[in-house]
Amino acid sequence: MRVRSLSTVLFAIAISSLVPFFVQAEAESVTAESEKTEPPDDIKLLAQSAALPALTGKNPFILRESWWNGTIEPGKAKLIQAQLFRRNEYQFWFAVPSVDAGLNLNIYNGEGELVPSETISYDATNVVSARLAPELTGIYYIRISLKTTVKDSQDWAVIYGYR
């Protein structure tokens with residue numbers, strides 16, 4: 001019985017000495033993978049810098065931590081689903097790196113109808129914004145598209161705030 005207990009203890013010690021090796025290898029693998037798939041933060045920062053005036057003043061927007069990103073081809077569109085609440089006002093900012101890119105940002109309700117919104121453009125043509133106050137709480141779709149003024153696909157970021 002003692003021999004079996006001693007071998008069990010020795011086996012447990014041997015395994016426990018290997019655990020840090022496997023945990024470290026797994027953590028490095030996850031970090032390396034997230035670095036490959038994470039888009040450049042400078043596109044998000046571009047959208048945030050355009051948002052700064054709306055985040056200050058007497059009635060500022062509160063910037064949400066959640067945001068969307070990806071790659072978009074010229075002439076193509078992407079839909080982003082968001083839950084919006086009546087009695088709130090929202091502003092979305094859409095940015096890409098190329099100043100030659102023409103951008104579209106439209107918002108649709110859950111029925112697929114275009115929702116009236118105020119479009120805000122900036123000196124930099126690679127950022128556009130839309131502001132709306134939904135009449136109903138529900139699912140809305142933010143449609144972003146890239147005009148064919150550029151030939152290459154663009155990384156993009158969309159951020160938003162509410163008040």
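# Aromatic cluster, cores and strands

W68 counts as partly exposed, with a relative accessibility of 22%; in this scale, buried means under 20% relative accessible area, exposed means over 50%, and partly exposed lies in between, calculated with a 1.4 Å probe on protein chains only. The model is predicted, so local features need pLDDT of at least 70 and side-chain atom pairs count only at pLDDT 80 or more, whereas totals for chains, interfaces and linings use all residues. Residues are numbered from 1 along each chain as its sequence is written, and side-chain values use heavy atoms, with hydrogens and water left out.

## The aromatic cluster

A pair of aromatic rings is described by the distance of the centres and the angle of the planes. Rings of Phe, Tyr and Trp (for Trp, its six-membered ring) pair if their centres lie within 6.5 Å; planes under 30 degrees apart count as stacked, over 60 as edge-to-face, and the rest as tilted. In one of them, W68 and Y160 are stacked, at 5.3 Å centre to centre and with 20° between the planes. W68 belongs to strand β2 (residues 68–72) and Y160 to strand β9, 92 residues apart, and the pair thus links distant parts of the chain. Strands are DSSP runs (E, at least two residues), numbered from the N terminus.

Y160 is buried, with a relative accessible area of 7%. Its ring is also stacked with that of F92, because the centres are 5.2 Å apart and the planes stand at 15°. F92 lies in strand β4 and Y160 in strand β9, so this pair ties together parts that are 68 residues apart in sequence. W68, F92 and Y160 form one aromatic cluster.

## The nonpolar cores

A nonpolar core is a set of buried Ala, Val, Leu, Ile, Met, Phe, Trp, Tyr and Cys residues joined through side-chain atoms within 4.5 Å. The largest such core has 24 residues, and F92, F94, L105, I142, I144 and W156 have the most contacts inside it. At least two residues of this core come from each of β3 (77–84), β4 (90–95), β5 (103–108), β7 (127–132), β8 (138–146) and β9 (154–162). β8 gives the largest share, 4 residues. A second, separate core of 11 residues includes F61, A95, V127 and I159. Contact means heavy atoms within 4.5 Å. Leaving aside neighbours within four places in sequence, F92 is in contact with several residues, including W68, L84, L105, I142 and Y160.

Is β9 enclosed or open? It is largely enclosed by the rest of the structure, because 7 of its 9 residues are buried. Two strands pair if DSSP finds at least two bridges between them.

| Strand paired with β9 | Bridges | Residues opposite each other |
|---|---|---|
| β2 | 5 bridges | T71 and D155 |
| β4 | 6 bridges | W93 and I159 |

## The open sheet

An open sheet of 3 strands has the order β3-β8-β5, with antiparallel pairing. β3 and β5 are the edge strands, each pairing on one side only. Antiparallel β3 and β8 are joined by 8 bridges, and Q83 stands opposite I139 in β8.

N109 lies in the loop between β5 and β6 (118–121). N109 counts as buried, at 16% relative accessibility. Not counting residues up to four places away in sequence, N109 touches V115, I139, Y140 and Y141.
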